[in-house]
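Subject: Structure handover

Hello,

Here is the structure I promised to pass on to you. Please have it open while you read the notes that follow.

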Amino acid sequence: MLTNLQTRDVETLIHPYTNLVAIRETGPLILERGQGVWVHDVDGKPYLEGMAGLWCTALGYGNEELVEAASTQMRKLPFTHIFGGKSHDPAIELAEKLKEMAPVPISKVFFTCSGSEANDTQMKLVWYMNNALGRPNKKKIIARMRGYHGVTIASASLTGLAGNHNSFDLPIAGIRHTTSPHHYRLAEPGETEEDFATRLAADLEALILAEGPETVAAFIAEPVMGAGGVIVPPKSYYPKIQDVLKKYDVFFIGDEVITGFGRLGTAFGSEAMEMKPDSMSVAKALSSAYQPIGAVMIPEAMYQAVASESAERGNFGHGFTYSGHPVAAAVALKTLEIYERENIFERVRAKIPQFEARCAALEDHPLVGEARRKGLVAGIEIVADKKTKRQFDPKLGLAAKVVAFAQAEGLIVRNVFGDAVTICPPLVISPAEIDELFDRLTRALDRTLDWATQQNLLAA
């Protein structure tokens, strides 16, 4: 029986990434308040928020400095835009700070409201740039299978997950996908990570040559693939990939929407993965998700091409009403200040050994084929047979079972493509809370194992 709030919800809302028929029977989990790494539902039950919301609430809940930054800016200038040459202090200062922090040379910053909009903008800027440079045929964008880059028509096309394409008539023309750097699933028998990385670089080169280098404009990649199952590429993968991109003059877009601002123990995930993109997309932890804001950070060469084309056209015809929103920018500035003042990235590095050790220990569980981890993010792959890596029938939804049992245990985690359970806690999680997270997840795995055993689903 649904509660009054749940009934009102299912009669009024469409929930993203949700079975819209099933939720009418189960109802949503309705959360009411949060503090630190904990959120509470309307009945007062606490949950350890093991996904930092959606990979984003880096400083946890109830941070009064961020609340005050928002309220102060709302009283001073609650809204203005940056169209037509207008501007304001928070946007200027935030752009300056991002340029200062960037691990690669950045000339200018374009603000968006989300990571999807940032990656959508990346595509438009690449096309705009190549038109300015007299290369009208150099427009194809290569992404990766199991990569996730957003849900707008363009960014969902870049996303390499069937669930984001099916029945949406995606991907659009001009998008190609190359092999995912998922060694556990895609390596050939006996193939080392080094050899696997070499083969994937060769796959990318073959794709570029098959399409025609003169038609391939850009390649986009997350340092660590998030919604595709937290896939950590081999150590030599990005250096090898970058050699191919340079060889064929292919622009490299770094999608730092999840890995930006400390998730891997560095300011940007690119630094932890030997990745040197030409441009970068950021969002999520930029404001610790307290305000919707994203950004595209571009190099000087791209800016010069875009600027010259805008002069030719008389206008740069792109932008969002809320680009550089003053409240969002003020909150993002305060967030970056807290990261620096509180040494958040250094403190993350100190917690990584414990987090990764607890994660690695899950590989001893009968249901866990691989526990992928990097920094404070992990993907636990659920399998029916550890020796053969055989998966359960997808219709059984074993990872979803783990998530449901975790919720019953007072832990919020998420199931994603390929029967993987993802973990991405707030960066401010304490050592004791890390242990609590994995204790609760282990109990959820045990309960799922008991259920699967009762259903005779395990390998003999």
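Before the details, please keep in mind that this is a predicted model.

Let me start with strand β8. Five of its five residues are buried, so β8 is largely enclosed by the rest of the structure. On one side of β8 you will find Phe-251, Ile-253 and Asp-255, while Phe-252 and Gly-254 point the other way, and all of these are buried. The neighbour to look at is strand β7 (residues 216–221), which runs parallel to β8 and is joined to it by four bridges. Within that pairing, Phe-219 stands opposite Phe-252.

Next, the aromatic residues. Searching the whole structure gives ten aromatic pairs. One of them is Phe-261 with Tyr-339: the ring centres are 6.3 Å apart and the planes are at 20°, so this pair is stacked. Phe-261 sits in the loop between β8 (251–255) and α11 (269–272), and Tyr-339 belongs to helix α13, so the pair ties together parts that are 78 residues apart in sequence. Are these two residues buried or exposed? Phe-261 has 1% relative accessibility and therefore counts as buried; Tyr-339, at 2%, counts as buried too. Tyr-339 also forms an aromatic pair with Phe-345, and here the arrangement is tilted, with 5.4 Å from centre to centre and 40° between the planes. Phe-345 has a relative accessible area of 13% and is buried. Elsewhere, one aromatic cluster is formed by Phe-110, Tyr-128, Phe-316 and Phe-320.

Helix α5 (residues 89–101) packs with helix α13 (residues 326–341) at an angle of about 40°, and their axes are 8 Å apart. The crossing of the two helices is left-handed. From α5, the contact is made by Pro-90, Ala-91, Glu-93, Leu-94, Lys-97, Leu-98 and Met-101, and from α13 by Pro-326, Ala-329, Ala-330, Ala-332, Leu-333, Leu-336 and Glu-340. Sorted by class, this contact of α5 with α13 has eleven nonpolar residues, three charged residues and no polar ones.

Now for a sheet. Four strands make an open, antiparallel sheet in the order β11-β12-β15-β14. Its edge strands are β11 (368–374) and β14 (414–416), each of which pairs on one side only. From one strand to the next, the twist averages 25°. Strand β12 (residues 377–382) runs antiparallel to β11, and six bridges join the two. There, Glu-370 stands opposite Glu-381 of β12. Helix α14 (residues 344–361) packs on the sheet and touches β11, β12 and β15 (420–423); the direction of α14 makes about 170° with that of β11.

With a relative accessible area of 2%, Leu-200 is buried. Which residues does Leu-200 touch, not counting those up to four places away in sequence? They are Thr-179, Ser-180, Pro-181, Tyr-237 and Ile-241. Pro-181 is 19 residues from Leu-200 along the chain, and the C-alpha atoms of the two are separated by 7.2 Å.

Happy to talk any of this through with you.

Best wishes

Notes. Residues are numbered from 1 along each chain as its sequence is written. This is a predicted model: local features need pLDDT of at least 70, side-chain atom pairs count only at pLDDT 80 or more; totals for chains, interfaces and linings use all residues. Side-chain values use heavy atoms; hydrogens and water are left out. Axes are lines fitted to C-alpha atoms, for helices over the stretch in contact, and angles run from 0 to 180 degrees between N-to-C directions. A crossing is left-handed if the near helix is turned anticlockwise from the far one by less than a right angle, and right-handed if clockwise. Contact means heavy atoms within 4.5 Å. Ala, Val, Leu, Ile, Met, Phe, Trp, Tyr, Cys and Pro count as nonpolar, Asp, Glu, Lys and Arg as charged, and the others, Gly among them, as polar. Two strands pair if DSSP finds at least two bridges between them. Rings of Phe, Tyr and Trp (its six-membered ring) pair if their centres lie within 6.5 Å; planes under 30 degrees apart count as stacked, over 60 as edge-to-face and the rest as tilted. Buried means under 20% relative accessible area, exposed over 50%, partly exposed in between (1.4 Å probe, protein chains only).
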